[in-house]
Structures are given as C-alpha cells and as structure tokens.
Amino acid sequence: MVQALPVVSATPEVDQRGRLLELDREALRQWFVEQGQPAFRADQVRKWLFQRRASEFAQMTDLPKAVRDKLTESFTIFSARIVAHQKSQDGTEKLLVGLAGGGEVECVLLRDGSRRSICVSSQVGCAMGCVFCASGLDGVERNLSGGEILEQMLLLQHCLEADQRLSHIVMMGMGEPLANLPNVLMALGQARADDGLGISPRRITISTVGLPPAIDRLGEHGVAYNLAVSLHAPNDALRNQLVPVNDKIGISSLLAAADRYFHTSGRRLTFEYVLLGGVNDSAECADQLATLLRHRGVLLNVIPYNPVAGLPYKTPSGHSIRRFREILEGAGVNLQFRQRKGSEIDAACGQLRRNRVSS
Ligand code: SAH
C-alpha cells in the first residue's frame, strides 16, 4: 500500500538574511570594514566557524556583543535542514539535507582507519543521465551555490567527535561537479584555506563524467586537485549506452583532456569503472580497457555495481570480477577495487538520490 504523504499547508518562512557561507574571507573582511569594524573580525568569525565548529554567532564570545547581534541580524550560518540522518554499522553516516534554496541532496561521512572522508553533492539531481546511477533518474533541478556545497562539509564535520578532523573530500555525491565548476571551486577554496577546513588539494578529488572544456578550465584554475574520470566503458558504442553524454564527446577527446589535466596538475589521474554484471565486465572489455590505460600510468578504480531499486543492472559475479582484475593486472594497469561502504543505508556510490523515494 502506498502511504499518503502529509499535506504541507504552511508556506515556509523565507529568511531575508544573507548567508554567511556564501562569503569567502575577503568578502567577510570587506563586510566588517563596511560596518566600521576592523577586518580581523572576519578571522575571528572564521575560526569559530571552521575550527571551533560554532553554529551560532552567540557562541563567538570573543566578539563584542553588539557585533554578534549585528551578525545575527544580517546573516544565517546554517540555513539547511537535516531531513534525515542515518548511521551504518561500518561508521558511515549519511545526511539528507533540505536546502534553503530548495530541493534536497545527500552527503556522506566515511570512516576508514584514521581517514575521515566526506562525499559531497554539487547539484540537485543530475543531467548526465548515466543509466545505472540513482542521482540522475529525474534529471537536474539546479546547481548548488558555493555556500550550499560548503554547508554540507560543515554539517558532516559536526558529525565528527571533537578530537577528529576531516581529512579527505570527494566531489562524488549527487550531480556533475564540472557542470557547476565556479561554485564547486568556491567551496573547495574554503575547504583548503588554512583558515578554512585546511584540507590539502592532494586530499580533495573531483569526480567527473568527463566534460573536456570544463576539465581544461579546471586545469587553468591552477590548483592541483585530484581528478577522477568516470569512464565505465572502453569503447564509444558501449559508453554511449551507459553514459549518454558520451555521444557528443567520445572517449578519445575525453582521454586527451584528461592527459592535458595530468600535464598541468602533475597529479596522477584516476579512472572509475562501475562494473555491471553482463554489460561491461567481459574479458573483451577488460582487454580494451587495458589497451586504453596501460601506458597512461593512471589508477583504475573498479566499483562493483551497487544496486539501485528500479534499475535492471546486476552486481557482477565473483568469477567475472576476478577475470576482470587478472586481465588488467596482467597488462600492468594499476587498479584498486573500491570498498563498499554505507550500502546498507544506500550511501554507496550511485545510490544517492534527491528525494526520499521509497525503494
Ligand atoms: N557526476 C560525477 C560524480 C558523481 S558519481 C561522475 O560521474 O563522476 C560518483 C561515482 O559513482 C561515479 O564514478 C559514478 O559513475 C559511480 N556510480 C554511479 N552509480 C553507481 C552505482 N549504482 N554503483 C556503483 N557506482 C556508481
């Protein structure tokens, strides 16, 4: 039986205040100067926000009371609602976040040894249409702002124990980060700033379906983030089926853009390959993939398919996983199989979606 959803009658209140997280250090310093305050107040606020994990201006006790009041009048800090918070046995936590700007996205905290990685969304929905992924089932609704991307990072930081720090960020949540590059770069700029989250770009990965002009723009930006390219197929006929945007791009121009990024950034590239049982896991696919990658010195990240309710794809058999691995390793391709984390709460790759759709 389908449960009726509660009727929402009240119009949500619109908060007219500005959103603090949309301001970088310079913009906040500027604001203080306009208020007749010293610019260093911005540094005090940022320390509370990023290091001391404050969620309200009232907590910022080294600021004069009048300044705290003015800040409270002028800005919100956290403007999203946590609609759901799930925790998995393996320490993975997933937040479903209702954004002030409309729509819902998910983001995930993964605990692995001493690593504390977060997986963050960049869009409500996704326009890329990869046939095996939950995030794009209903298309894209909108881009997240820089502040909305940053807010996910801070909300996940708040899930950590006080003595722990975020160590890694992957832009592998919902959406295509390179289709929202300026806002993604704004948020990542705050994440890596020494007075922000202080995470080195070496520990930040942007995952993309592979949009060559945007890969070039990322290279021109000049910060050496890690780039992960979601390849998923070793030839255009198959990639066109699995990743429809490939039709207008083609694997060879994608690989050329990835190579250019490697040359400008100096960072080893990662290629991601979701292994779909009976679709792209044959010996022939493995051979073709080895030919594409063996001379590139890249890391191949193979992700056995995580089931998505309503989609017809299957996790590959143990036999075909072993065969795939042996062929690629035999050809000298550096590969790793991605561990499945958070799958019991649908927080694994490709399982993030934009609504609480019943599954
Ligand atoms: N749009 C970006 C980032 C989001 S997806 C991209 O395409 O890279 C992050 C990774 O999860 C991608 O490699 C994606 O292809 C993979 N993925 C999507 N659906 C999956 C599924 N059902 N099982 C396993 N991995 C999946």
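A cavity is, on a 1 Å grid over the protein atoms alone, a set of points where a 1.4 Å probe fits but cannot get out, and its lining residues have an atom within 4 Å of a point. The model toured here is predicted, with local features needing pLDDT of at least 70, side-chain atom pairs counting only at pLDDT 80 or more, and totals for chains, interfaces and linings using all residues. Residues are numbered from 1 along each chain as its sequence is written, and side-chain values use heavy atoms, with hydrogens and water left out.

**The cavity.** Select Leu-20, Leu-21, Leu-23, Leu-28, Val-45, Arg-46, Leu-49, Phe-50, Leu-150 and Gln-190, which line the largest cavity.

**Trp-48 and Arg-52.** Next, display Trp-48: the charged end of Arg-52 sits over its ring, 4.4 Å from the centre (NZ of Lys or CZ of Arg within 6 Å of the ring centre and within 35 degrees of the ring normal).

**Arg-53.** Move to Arg-53, in the loop between H2 and helix H3 (65-74). Phi of this non-glycine residue is positive, near 60°. Arg-53 is buried, at 18% relative accessible area (buried is under 20%, exposed over 50%, partly exposed in between, with a 1.4 Å probe and protein chains only).

**Aromatic pairs.** The structure holds four aromatic pairs (rings of Phe, Tyr and Trp, the last by its six-membered ring, with centres within 6.5 Å; planes under 30 degrees apart are stacked, over 60 edge-to-face, the rest tilted). Select Trp-31 and Phe-75: their ring centres are 5.0 Å apart and their planes at 65°, so the pair is edge-to-face. Because Trp-31 belongs to helix H1 (residues 25-34) and Phe-75 to strand E2 (residues 75-76), the pair ties together parts 44 residues apart in sequence. Trp-31 is buried at 12%, as is Phe-75 at 6%.

Then select Tyr-305 and Tyr-313, an edge-to-face pair with 6.1 Å centre to centre and 75° between the planes. Tyr-305 is buried at 2%, whereas Tyr-313 is partly exposed at 23%.

How values were computed:
Helices (H or I, at least four residues) and strands (E, at least two) are DSSP runs, numbered from the N terminus. On a 1 Å grid over the protein atoms alone, a cavity is a set of points where a 1.4 Å probe fits but cannot get out, and a pocket is an open set with protein on both sides within 12 Å along at least five of seven lines; lining residues have an atom within 4 Å of a point.
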